Amino acid sequence: MRLCLALKDRGTETIFSPDPDSLSECFKDMDTNREELCRMLEKYDRERAEELRGIFKADVFSLREIWPSLKKVVCWNALDDSIIREYKPWLKDVDYNRGYYADELALYGEICGEHGEIRLEPDYVFYEFADISENLGKSGRSGSEVLVGEEYKLLLSNLSGLYRYDTEKLVKCIYKDKEKIVVRFKA
């Protein structure tokens with residue numbers, strides 16, 4: 001039903017998805033249930049349903065054909081190019097933005113590269129970078145002490161220092177300056 005109502009709005013300018021799986025599911029539903037979506041839409045807007053039937057006749061159609069005003073698709077937590085590769089024909093004439101990465105550990109940052117690079121956001125947590133062989137009890141390096149090209153275990157503390165834990169995530173520092181640190185997760 002949500003997809004049907006989204007299709008009804010011809011003037012959509014932005015599509016937002018909280019994660020790649022939700023975006024993928026939406027695209028697959030739209031591709032495999034074309035006629036069913038048009039029948040549902042007929043209850044609300046017969047003219048729009050007929051317009052979409054014409055668009056859906058093509059094997060591959062772009063999102064801009066469905067929503068002429070569409071400017072961008074934002075998909076949070078998209079750390080790799082799998083969604084882009086899978087749906088490139090649909091996204092061909094629409095900007096794609098990976099948005100931000102967030103996880104259950106309070107790790108938060110803007111996705112800023114084509115290969116899952118994240119610019120860490122230090123507004124709500126304090127990031128420390130420990131040598132890979134270092135125990136949690138030892139002191140980690142602050143962002144100013146991180147070396148570009150080196151790999152670290154990422155430690156998080158809240159700004160009041162009430163908790164500190166090892167995220168068990170390995171990162172490689174890709175870029176840093178006085179204002180920001182850009183990392184890439186290591187497998």
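This is a predicted model: local features need pLDDT of at least 70, side-chain atom pairs count only at pLDDT 80 or more; totals for chains, interfaces and linings use all residues.
Residues are numbered from 1 along each chain as its sequence is written, and side-chain values use heavy atoms, with hydrogens and water left out.

**View 1. The largest pocket and its lining residues.** This pocket has a volume of about 520 Å³. A pocket is an open set of points on a 1 Å grid over the protein atoms alone, where a 1.4 Å probe fits, with protein on both sides within 12 Å along at least five of seven lines; lining residues have an atom within 4 Å of a point. The volume is the space filled by probe spheres set on the points, which are joined across faces, edges and corners. Of the 24 lining residues, Arg-2, Leu-3, Ala-6, Ser-22 and Cys-26 lie nearest the centre. Helix H1 (2–8), strand E1 (14–17), helix H2 (20–32) and helix H3 (34–42) each supply at least two lining residues, and H2 gives the most, with seven. Helices (H or I, at least four residues) and strands (E, at least two) are DSSP runs numbered from the N terminus. The lining comprises 15 nonpolar, five polar and four charged residues. Ala, Val, Leu, Ile, Met, Phe, Trp, Tyr, Cys and Pro count as nonpolar, Asp, Glu, Lys and Arg as charged, and the others, Gly among them, as polar.

**View 2. The second largest pocket, with a volume of about 260 Å³.** It is lined by 16 residues, and Pro-122, Tyr-127, Gly-143, Glu-179 and Ile-181 are the closest to its centre. By class, eight lining residues are nonpolar, three polar and five charged.

**View 3. Helix H2 against helix H6 (residues 82–91).** The two axes, lines fitted to C-alpha atoms over the stretch in contact, come within 11 Å and cross at roughly 45 degrees. Angles run from 0 to 180 degrees between N-to-C directions. H2 and H6 are therefore oblique to each other; angles under 35 degrees count as roughly parallel, over 145 as roughly antiparallel, 65 to 115 as roughly perpendicular and the rest as oblique. In H2, Pro-20, Leu-23, Ser-24, Phe-27, Lys-28, Met-30 and Asp-31 are in contact (heavy atoms within 4.5 Å) with Ile-83, Glu-86, Tyr-87, Trp-90 and Leu-91 in H6. These contact residues are eight nonpolar, one polar and three charged.

**View 4. Helix H3 against helix H4 (residues 46–56).** Their axes come within 8 Å and cross at roughly 165 degrees, and H3 and H4 are therefore roughly antiparallel to each other.
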